[in-house]
Structures are given as structure tokens and as C-alpha cells.
Amino acid sequence: MTKNNNVRVRFAPSPTGYIHIGSLRTALFNFLYARNTGGKNILRIEDTDQSRKVDGAVDNLIKSLGLLGIDFDEGPAQGGDKGPYYQSERLAIYRKYCDDLLEKKAAYYAFETPEVLDEMRKLQQLEGRQTMYDGRARDLSEEEVKENLNKGIPYVIRLKVPKDEEVKFEDLIKGVIKIETNIIDDQILLKSDGFPTYHLANVIDDHLMEITHIIRGEEWITSVPKHILIYKALGWDVPAMAHVPLILNPDKTKLSKRQGDVAVEDYLNKGYLKEALINFIAMLGWNPGEGEENEFFSMEELSEKFLLEKVQSSGAVFNVDKLNWMNNSYIKNYDPDKLLELSLPYFKGTDVDVTDNDHTKKILLAIRVYLNKLDEIPEHTKIFTQDKVVIEDVNLLEIIKADTSVTVFKELISQLESVETLTAEIYKDKISEVQKVTGVKGKLLFKPVRLALTGSENGPDLPSIVEILGKEKVIKFLKEYI
RNA sequence: GGUCCCAUCGACUAGGGGUUAGGUCGUCACUCUUUCACAGUGAAAACACGGGUUCGAAUCCCGUUGGGACCGCCA
């Protein structure tokens with residue numbers, strides 16, 4: 001494989017307070033591509049919308065991403081020589097290039113208020129026309145502009161999109177894309193508050209930060225021509241672009257809050273393991289191809305295998321069932337001690353004595369096979385912590401009160417009373433002893449014991465339940481029914 | 001509505017001129033385990049449609065249809 005050490009990619013989120021699943025995948029693909037090529041992964045904070053500022057969002061973002069194993073070579077946390085990495089700290093830079101654009105007549109001042117523009121759009125809609133800026137300030141004379149400026153009228157700076165041209169570019173995932181300039185809006189580049197819009201800022205930053213590959217969501221694809229026009233006007237090279245398809249709701253619309261959780265933090269809190277989440281997200285829209293049938297990959301393996309060319313060109317539905325399956329699989333195969341550590345918080349609120357690690361671990365290992373995610377732990381611990389077994393179902397009561405059941409309980413109690421510490425192995429011996437002595441076997445033997453001990457017809461392996469309950473409790477519960 | 005993107009089982013996908021169109025999740029059945037689950041085996045389940053190109057198209061081209069994204073002084 002040819003390593004291109006010059007690759008520089010960036011993840012450029014706006015700090016909204018949480019990480020969207022789609023953003024996570026974009027961040028992941030950037031990270032994997034950087035690692036695969038030996039390039040640099042850069043974090044840049046797109047905080048040019050002052051109205052959407054959220055305190056602590058950046059810290060949370062870096063922390064969450066770091067937790068998942070996605071880290072950066074340059075960014076707010078580690079710095080770098082292409083900073084600052086907050087766009088809000090780069091205002092002077094944007095202004096400078098904006099003036100440059102103005103001078104080259106590639107941009108112009110416009111003085112309409114948001115209200116006026118609103119009116120314009122409404123009218124256009126009414127007439128069934130395309131809503132876009134009608135260019136009314138395009139041909140303002142220098143005198144008019146100067147006069148307005150002197151009067152202190154608020155202004156924005158707009159991109160002067162040339163007429164009757166075609167902008168063409170090649171996307172690494174989608175292929176060649178062409179768009180007529182006539183349908184491209186004279187995009188605002190600099191807002192009246194002096195902040196740049198995304199379109200201006202991302203072009204300038206990507207160039208200045210020497211980004212070689214832009215990997216981002218497909219929703220950006222229609223604004224690429226605007227960006228290309230800016231690159232061209234400034235005399236800059238356009239980076240390679242890869243627009244990754246969207247992650248979808250079950251109804252195939254863009255993944256949204258309304259139809260389930262979209263925040264990475266939500267999934268982490270529910271007890272999806274980070275390895276599973278990463279693995280699953282990576283496989284949404286990407287796969288190693290070449291007939292590879294394994295679906296389980298560590299971050300290292302993903303880094304080795306990740307190729308942009310193997311990214312799917314169509315959107316992918318976020319399938320929680322499959323995520324659950326994958327997470328369960330990770331849970332079942334996880335190192336017991338590490339799993340215990342991760343699980344401890346989820347035992348809070350249960351009656352399990354978490355100060356006894358050994359005991360908690362036994363319970364965890366007994367129930368892990370049932371867990372799609374760690375927050376399901378509490379619903380499975382009850383049988384280990386209850387002081388009294390309550391059976392309400394009349395059919396079950398009938399089973400447990402049967403003569404054979406009582407016989408079994410009595411014999412089992414006397415067998416167990418001689419035992420010092422009750423283990424799963426000892427229980428197995430004793431129950432077969434009970435079978436020999438009483439002659440009761442099969443369902444008649446096992447079912448009543450399970451019922452008496454847990455109150456339920458099914459659950460984890462009985463011997464391990466017995467070991468976890470301990471001698472005292474087992475005997476106590478059995479005595480209830482004799 | 002305009003522009004752009006997309007199209008293999010219900011979902012994620014492999015395959016990219018000649019395949020019985022493969023795998024995974026989910027569903028169903030059976031086996032195993034004297035429970036449920038796990039595991040194992042098996043089944044149902046797809047190339048959107050129509051034209052080309054070709055000896056031959058799921059695969060290449062065009063069109064249709066369908067779906068999606070975008071059309072903000074948000075990113």
C-alpha cells in the first residue's frame with residue numbers, strides 16, 4: 001500500500017452540545033483515512049454561529065470522541081501550527097480574504113435586511129419560482145456602496161456567482177458532478193455581525209490548514225460549486241472531496257431526533273460498548289469488500305482496511321436491531337473484569353451489593369448473554385437479590401405445590417444442609433442425588449426448584465443461580481414451599 | 001417546484017459482462033441445553049421498470065419510476 005504522509009483531513013463540527021451519530025461516522029471516516037494513509041487528522045471547531053453557542057460543548061465533543069478512540073493530531077486540545085482551530089478566533093483572516101474577493105470583483109456588498117430577503121423569498125415562492133437572492137445589490141455603484149457604508153447601514157458580503165457557466169468536480173465517492181452556475185445563489189460570505197458563513201470559512205480554513213481531502217456528509221454536496229467558485233477566485237487549488245452518504249431513519253429520511261436517539265452520548269449512556277458502536281458505525285456505509293464475510297473489526301483493523309473507494313454511494317438505514325446484536329456479541333466476549341468495571345454504574349439502583357466484586361461479577365457473567373446493552377442489567381438482577389420469591393400465576397403455583405415438588409424440596413434441603421459452601425458443581429451433584437433418592441426426574445424435578453428459587457420459569461443456568469444465592473437463601477426459599 | 005445524489009432480500013451488504021446472485025441482522029422451523037437465552041442446522045426473502053450495447057447483462061449506456069438531500073445573515 002502506498003502511504004501518503006501528506007494527507008491532511010479535518011473533522012469540522014459545530015459545537016451544538018452533543019455528537020450526532022452521523023457526525024460520529026464522519027469523524028470516524030476522517031480518522032480512519034488519516035490513520036490508513038499515515039496522514040494527519042485535524043479538529044476544527046465551526047463556531048461562527050453565535051446564536052448557537054453551547055457552553056462546554058467542545059470539551060464534551062473532544063472527550064466523547066477520545067473515549068471512542070478517535071483522536072486528533074491538531075486541534076483545540078493539542079494545538080498545531082495551522083491554528084487557531086476555533087473559527088471564532090479567525091475573524092481577521094476571513095475579513096482579509098473577503099476584502100481580497102471584493103477587490104477582485106468576485107464578491108460585493110449587499111444591504112438588504114433579513115426581513116426584506118424574507119419578503120423576497122415569500123414572493124418567489126408565491127410565484128412558484130426558485131427561491132434565491134435576486135442579485136439586486138450586484139450592480140450597486142461604488143458611490144452607492146460607499147454612501148451606504150458611510151451611513152453605517154448594516155451589510156453583508158455576497159459571492160458574485162458568474163452567469164452561464166458550469167462548475168464541475170469529481171467526488172471520490174460520487175464521481176463527476178456538474179452544476180450550472182445560474183442556479184447557484186449569490187451566497188452570503190460575511191454576515192452583518194462580521195462573522196463568516198460556513199461557505200467562506202471552510203474554504204479559507206481548508207486552504208490555510210492545507211487540507212488535502214474533505215470528507216464530510218452528503219448534505220454538503222449541493223454547496224460544493226459555491227466553494228469551488230471561491231477557491232478559483234482566490235487562485236487556490238481545490239482539495240479532493242469525498243461526500244459520504246447519509247445515515248437514515250427506518251423510513252429512509254435523514255437520521256433525526258424525532259425517530260430515536262441521534263446523540264452518541266445517548267448510546268454510550270445506554271451501555272453500548274464503544275468498540276461495538278465504532279464497529280457498527282464503520283460498517284454503515286463502508287465495508288472491506290473482496291468477499292470478506294467477517295463483520296467484527298477493532299479500530300486497528302478498521303484503520304488498516306479503510307479505503308475511501310469502498311464507501312457506499314447510497315444511504316444506510318440505522319438498524320438498532322443489528323446494533324443490539326453486535327453489542328450483545330461484544331458483551332458476551334468481553335474480558336470479564338473490564339466488563340465488570342464498565343457495568344458497575346448500571347448496578348446502581350439494584351439491590352446487588354456492588355462492594356462485593358466477586359459476587360457482582362458472578363451475576364454479570366450469568367446474565368451477560370441476555371444483555372443487548374448494559375442498561376438492561378437491572379431487569380435481570382432481581383432474581384439474585386429478592387428476599388422473598390413471589391409467585392402469582394396459578395399454574396405455576398400448582399406446579400410448585402405438587403406432591404413431587406414438596407418431596408424434592410425436602411430432600412434437597414437435607415442434602416444441602418450438610419454442605420459447607422454451595423457451588424454450582426456441588427449443586428449439580430446434590431440434585432442428581434435428589435433424583436436418585438426421590439425418583440423424581442425431568443421437568444418435575446427441575447422446574448419446581450427453579451420456580452421456588454427465582455419465581456420464574458426461565459432464566460440463567462440454575463446451578464450458577466444457586467451458587468450466587470448461596471446456601472442460606474436457597475434453603476430458606478425451598479422451605480417456603482414445604 | 002428547481003438542482004443534485006441514489007437504487008441487490010424488510011435492514012446492512014458481497015458480487016461490477018457468463019454465479020444455483022453469497023454473507024450478516026431480523027423472521028420462521030428444527031436440533032442442542034430437562035427452562036428462556038446462547039450455539040448449531042435449515043427455510044422463506046433481492047438485482048425497481050423499460051429500452052439499448054453485447055453471443056450474453058444484476059453488472060455498461062439512456063430513459064422512466066421511486067426515494068433522499070439541498071435550496072437561511074445554520075452548519
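1. Helices α14 and α19 pack with their axes 9 Å apart, at an angle of about 30 degrees. On the α14 side the contact is made by Ile383, Phe384 and Thr385, and on the α19 side by Ile465, Ile468, Leu469 and Lys473. Sorted by class, this contact has 5 nonpolar residues, 1 polar and 1 charged. The model is a predicted one.

2. Helix α14 covers residues 378-385, and its buried residues are Thr381, Ile383, Phe384 and Thr385. Besides α19 (462-479), the buried residues of α14 pack against α12 (336-347), α13 (357-367) and α18.

3. An open sheet is formed by 3 strands in the order β3-β4-β7, with antiparallel pairing. Strands β3 (107-110) and β7 (188-190) are the edges; each has a single partner strand, so one side of each has no neighbour in the sheet. From one strand to the next the twist averages 45 degrees.

4. The pairing of β3 with β4 (residues 156-159) is antiparallel and runs over 4 bridges. Within it, Ala110 has Val156 of β4 as its bridge partner. Helix α3 (residues 91-103) packs on this sheet and touches β3, β4 and β7. The direction of α3 makes about 100 degrees with that of β3.

5. RNA strand B is surrounded by 67 residues, and the closest are Lys191, Asn287, Glu295, Tyr370 and Gly442. Of the atoms of RNA strand B that come within 4 Å of the protein, 73% belong to sugar and phosphate.

6. Several elements each supply at least two residues of the surface near RNA strand B: α4 (114-126), β6 (175-180), β11 (316-317), α11 (320-333) and α18 (443-454).

7. For phosphate, an oxygen of RNA strand B is 2.7 Å from a polar backbone atom of Gly285. For the base, a nitrogen of RNA strand B lies 2.8 Å from a backbone N or O atom of Glu112. For the sugar or linking oxygens, one is 3.0 Å from an N or O atom in the side chain of Asp49.

Methods
Residues are numbered from 1 along each chain as its sequence is written. Chains are lettered from A and ligands numbered from 1 in the order in which they are written. This is a predicted model: local features need pLDDT of at least 70, side-chain atom pairs count only at pLDDT 80 or more; totals for chains, interfaces and linings use all residues. Side-chain values use heavy atoms; hydrogens and water are left out. A residue is near a molecule or strand if one of its heavy atoms lies within 4 Å of it. A polar contact is a pair of N or O atoms within 3.5 Å; within protein, one must be able to donate a hydrogen and the other to accept it, and residues adjacent in sequence count only if both atoms are side-chain atoms. Two strands pair if DSSP finds at least two bridges between them. Axes are lines fitted to C-alpha atoms, for helices over the stretch in contact, and angles run from 0 to 180 degrees between N-to-C directions. Contact means heavy atoms within 4.5 Å. Buried means under 20% relative accessible area, exposed over 50%, partly exposed in between (1.4 Å probe, protein chains only). Ala, Val, Leu, Ile, Met, Phe, Trp, Tyr, Cys and Pro count as nonpolar, Asp, Glu, Lys and Arg as charged, and the others, Gly among them, as polar.
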